[in-house]
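Biologist: I would like to learn how to read salt bridges in a model. Could you take me through some cases?

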Amino acid sequence: MKKIILTMLLSMVALSVLGTDGAEASSPRQVEVLLNANKLSFPDAKPFQDSQGSVMVPIRFVSEALGGKISYSKSGGKTIVEIRKGDDLVKMTVGQTSAQVNGKAKDYGTKVILKQNRTFVPLRLVSEGLGEKVEWDKVGRWVWIGEKTFRNTDDAEFKLRPLSDFKVYMKEKYFFNKVASNEIFDGVKLIKASQLPIKLGDGEVIYDIKLQKNNGIDYIAIRSSVRGTPIFFMLRNDFVKYRTGVDNAFVNHKDGTATNYYPVRSTSDVFQNGKYNQHYDWTEFRLNMADYIAFRTEHPKDYLVVMVNPFK
């Protein structure tokens, strides 16, 4: 416990130069579309946000994911697109902003367009026309369709692996003990960044992880449903690199989520197994040296959740 407290204090002091407005804003990211909290994959033409703020999606991939059937026809030199799902029918014309939804005209203020040989339509038109709930997440630039039924590390798809599989990362065994009882974890469950968002057992939801830079310093930015869950980097045949969130960079999005910023490099790495190593050069650590990123949390209480390093 003394080691952890000292590590936290050193991390905060060493990084107090970070501005109170948090890490620098990243450039606009691609719009993601999630159906029942699972990200949809678009093999070629990607969703985007137009100048009016409307999220435009390639109609075929979204409508088929929602269980709809799409058809095209020509009338008066114009392309007509229809989507059917059960008793619902959406009918639209390329170049127009209005559509027929179950026989009633609705105007979405944005034209149906052709781009990259794909028909793009306002997402709200498709989802509302097919009876789905839609929510725009401005922080993540995500569109949620349907229910937020998160994957959970308790689910059967995430197999419990024995700690012995990770023996080469356990040079500092303290971090592989349960937070609440200090007994050794029952095992490890591996997740990938591509599986986010995901709920950690009966604990928090991890929405997103990315690498950001502020004043020339690299940070891991993790958006989650709680504040300040510590993480640690796992390196083969080396001590773990323990990190806590930088307090003055914490951002509460006031939507039930928050972003914590963790330094990639930290002076706290000179403390190994509770002892100060004056010969260790903490500046030599690079993010691609870590194979995994682990979450140091009480929930789930019986196993350790470890993410394959997406930045390797």
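Biologist: Is D165 buried, partly exposed or exposed?

Modeller: D165 counts as partly exposed, at 41% relative accessibility. Here buried means under 20% relative accessible area and exposed over 50%, with partly exposed in between (1.4 Å probe, protein chains only). A word on the source: this is a predicted model, where local features need pLDDT of at least 70 and side-chain atom pairs count only at pLDDT 80 or more, while totals for chains, interfaces and linings use all residues. Residues are numbered from 1 along each chain as its sequence is written, and side-chain values use heavy atoms, leaving out hydrogens and water.

Biologist: Which residue does D165 meet in a salt bridge?

Modeller: Side chains of opposite charge can pair when their charged atoms come close. The cut-off for a salt bridge is a side-chain nitrogen of Lys or Arg within 4 Å of a carboxyl oxygen of Asp or Glu. D165 pairs with R161, at 3.4 Å from N to O, and R161 is partly exposed at 31%.

Biologist: What does the salt bridge between K312 and D291 tie together?

Modeller: The closest N and O atoms of K312 and D291 are 3.1 Å apart. K312 lies in the segment after strand 26 and D291 in the loop between strands 24 and 25, so the pair ties together parts that are 21 residues apart in sequence. Strands are DSSP runs (E, at least two residues), numbered from the N terminus. K312 is exposed at 56%, whereas D291 is buried at 16%.

Biologist: How many salt bridges does the structure hold?

Modeller: The structure holds 20. E82, R84 and K91 are linked in a network of them.

Technical notes
Helices (H or I, at least four residues) and strands (E, at least two) are DSSP runs, numbered from the N terminus.
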